[in-house]
Amino acid sequence: MIPASFDYLAPTSVEEALSVLAEAGDDAKVLAGGQSLLPILRMRLNAPEKVVDLGRIEALRGVRDGGDHLAIGAMTPYSDVVANDLVREHAGLLARAVETVADPQIRHRGTLGGALVHADPAGDVGAPVLALDATMVVVGPGGERTVPATEFFHDLFETAVGDGELLTEIRIPKHTGWGSAYEKFVRVSHQWSIVAVAATVRVEGGSIAEARVGLTNMGNTPLRATAVEQALVGSSASGLADACAAAAEGTNPPSDLNGDADYRRHLATVLTRRAVQKAMEG
Amino acid sequence: MTRITVTVDGVSCTDEVEPRMLLVHYLREVVGKVGTVVGCDTSNCGACTVHLDGRSVKSCNVLAVQADGHEVTTIEGLATNGELHPMQAAFHENHALQCGYCTPGMIMQAVDLLKENPNPSEEEIRVGLEGNLCRCTGYHNIVKAVAAVAASSSSERSSV
């Protein structure tokens, strides 16, 4: 399968990328790592006239210590996110979730920012970014703005990033000392989550002092399970099942060949309990 | 058309390509590296795996223009001076191939796997090869071959 013809533009700075995008109008597609976009182009589900490749913009790669937060460049490949010591120490949940994305080859090419803007609800990056209270840095012709993760995901494949704009950085508040786990339920190891749960907790004296829980593939966007987070405060490892029973409340999971909505609701409660339990262990 | 320069198996290649050309088609049809095969064409099977700047990628999921200025190693670039790479030799010795179609990708991913984790457990080998499918389902001997290379290089290390 071969994509339809397109003009290829490879800017080397964010400023140049913005002006290229402004000139290209609405029939341009931004190429990050390409691990979702290239299959779409090959199957001709989309046939843009112009493809704007961000791969030559070095400034968009890497992880920086921003004091109370980590600043991750949007074009940082998954494998660099997973291997990064700062991420592992201060945002362990993100590393645990990202290491489950697809397979090693895809993780070498695919990028954190590309996946967030693609906003596939079955993708594994939305739930941890939501649960970790990240802030997205979006630049456009009007300058730079920040969008909290809770306002970033609008709908299926739709985010706060508008036409002519780019996601440049993901800022994650440090969760140093928090335990974390990503429980992913799949039929085939390198496939998309049927359901997955991202949990990170701060434990004090054997019980949960603070909890953050994100859900993958339980609706049109990744979701935050705030009712569970509140119910978990004060729980010990033996009292998790009750607090996690509400994990599917307010969700609207899809029904497909992998499972119907009721099955996914059930999975969400089970995986939430397992994820929180593992997160409490470290 | 876009002019690209890519180092393929140590040789610098400069060509005019259409931006929509996939790296795997560039390697096979323009450079002539037909050792790299197209398997599923949907980026599932990993048969087209090559190394791009030393890291494994699925070459059906990369545009040739994205490789401009970078280095590609294919299965044809693994052997040195006519001598098989240890992973190629181990696949041969352990009968780690049946029809052979997945083999170029399996070997390229296995080499990458041992570079990142020189001493993997059996489970780590299986997880490390999760993006490579064998249509003959001959995984057992593939895992055995990778383990054999890991074991022989770790005994080499300890004997130094």
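Two residues are taken to be in contact if their C-beta atoms, placed from the backbone, lie within 7 Å. Helices (H or I, at least four residues) and strands (E, at least two) are DSSP runs, numbered from the N terminus. The model is predicted: local features need pLDDT of at least 70, side-chain atom pairs count only at pLDDT 80 or more, and totals for chains, interfaces and linings use all residues. Residues are numbered from 1 along each chain as its sequence is written, with chains lettered from A and ligands numbered from 1 in the order in which they are written.

The complex receives an ipTM of 0.96 and a pTM of 0.96 from the predictor.

Chain B holds an open, mixed sheet of 5 strands in the order β2-β1-β5-β3-β4. Strands pair if DSSP finds at least two bridges between them. In chain B, β2 (11–17) and β4 (55–58) each have a single partner strand, so one side of each lacks a neighbour in the sheet. Strands β1 (residues 2–8) and β5 (residues 71–73) of chain B run parallel, joined over 2 bridges. Here B:Val8 stands opposite B:Val72.

Helix α1 (residues 23–31) of chain B lies across β1, β2, β3 (49–52) and β5 of that chain. Its direction is at about 100° to β2(B); axes are lines fitted to C-alpha atoms, for helices over the stretch in contact, and angles run from 0 to 180 degrees between N-to-C directions. Helix α3 (residues 103–116) of chain B packs on the sheet, touching β3 and β4 of chain B.

Just after α2(B), B:His95 takes a positive phi of about 50°.
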